[in-house]
Amino acid sequence: MKRIAVLTSGGDAPGMNAAIRAVTRCGIAKGWEVFGVHQGYAGLIAGDFRALTMRGVSGILQQGGTVLGSARSQEFKTEDGRLKALWELRQIDIEAVVIIGGNGSQTGAYALSQMSFPVVGIASTIDNDLVGSDITIGVDTALNIALEAIDRLKTTASSHQRAFLLEVMGRNCGYLALAAGVAGGAEAIVIPEIEIEPEEVVQSFRRAYEKGKSHAFGVVAEGARYNAEKLVAYFSEHQARIGFELRTTTLGHVQRGGVPTAYDRLLASRLGAGAVATLARGETGVLVGMIKGDITTTPLEQVIGKQKPIDPELFDLAKVLDRQ
Ligand code: F6P
């Protein structure tokens, strides 16, 4: 292996830069040349490659986002787009690509590997929905940002005896909402995987007030059937009967920004090194992730088009803790 490229794709995630740095430095340490592809698959199609150096990736470890840029390329979803990308890769003799990203990005990686081009994926998305890694790059940072928001919202909620709802990202996956709800002590957690009716949220909040709490707090996943918007509509429609108002905050992209936590930097560094080690032993067409603390590889065909289920025990725990 002499020349590899690395790209970041899809939604950025705090820690991606640490992964780019690890791929670059571990690759160069093996005597390889490493190229960064700008703007994900769009850059691959455009042939936007730039050589990366040991020193060139200095000072990025602690930065959020991705220094390579990212994109959601529609063109790469077409065969034409993928053929153009292959042509560009061959133009400068790239022998393998490391693709840092989530579900959509790994679907693209699988498509490339199906065209007999060697690829290795690195599990990176704040959604934590990827099969093949217990936790993905960016999750810990996003979770901590959600927790900070919860802690702040709770102080103002208490002052006003208010019911509050925080909506977090996660696409169709409820992991962030569930984990933030448990770690933040929420009275209600609303996630896509376990459907509940809006009235159950009302009842959870009512119980909180009856127990003498000065506020009631819930976390809702953006992908839930009853997201923040729908729950607010329900509360205002039944305002007279419910007897208390609901305020909501949507965290949105704030969750994806900012400095990665120590955990994400470590995870990303290990996964980046793992990707290089995987290529060095000649293994391709796989996702590098972490399972039970070990750096592992899972064939991309077992990863794509699937969503990692949430841990039902964590959901049960949330219910027990909410009863206290
Ligand atoms: O997949 C990561 C994610 O942040 C999701 O949680 C969210 O639904 C989506 O990306 C937002 O995408 P965009 O940044 O393109 O608006």
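I take a salt bridge to be a side-chain nitrogen of Lys or Arg within 4 Å of a carboxyl oxygen of Asp or Glu. By this rule the side chains of Asp12 and Arg256 form one, with 2.9 Å from N to O.

I note that the model is predicted, with local features needing pLDDT of at least 70 and side-chain atom pairs counted only at pLDDT 80 or more, while totals for chains, interfaces and linings use all residues. Residues are numbered from 1 along each chain as its sequence is written, and side-chain values use heavy atoms, with hydrogens and water left out.

**Domains.** I looked up the domain assignment (automatic or database bounds): domain 1 covers 3-138 + 260-302, and domain 2 covers 140-257. Their centres, taken over C-alpha atoms, are 34 Å apart. I find 13 residues from domain 1 and 13 residues from domain 2 in the contact (heavy atoms within 4.5 Å). The two domains bury about 1,200 Å² between them, 52% of it on carbon and sulfur atoms; this is the accessible area (1.4 Å probe) lost on putting the two parts together, summed over both. Two salt bridges cross the interface.

**Sheet.** I then traced an open sheet of seven strands with mixed pairing, ordered E3-E2-E1-E4-E5-E10-E11. Strands are DSSP runs (E, at least two residues), numbered from the N terminus, and two of them pair if DSSP finds at least two bridges between them. Strand E3 (49-52) and strand E11 (294-299) are at the edges with a single partner strand each, so one side of each has no neighbour in the sheet. Strands E1 (residues 3-8) and E2 (residues 33-37) run parallel, joined by four bridges; I see Ala5 opposite Phe35 in E2.
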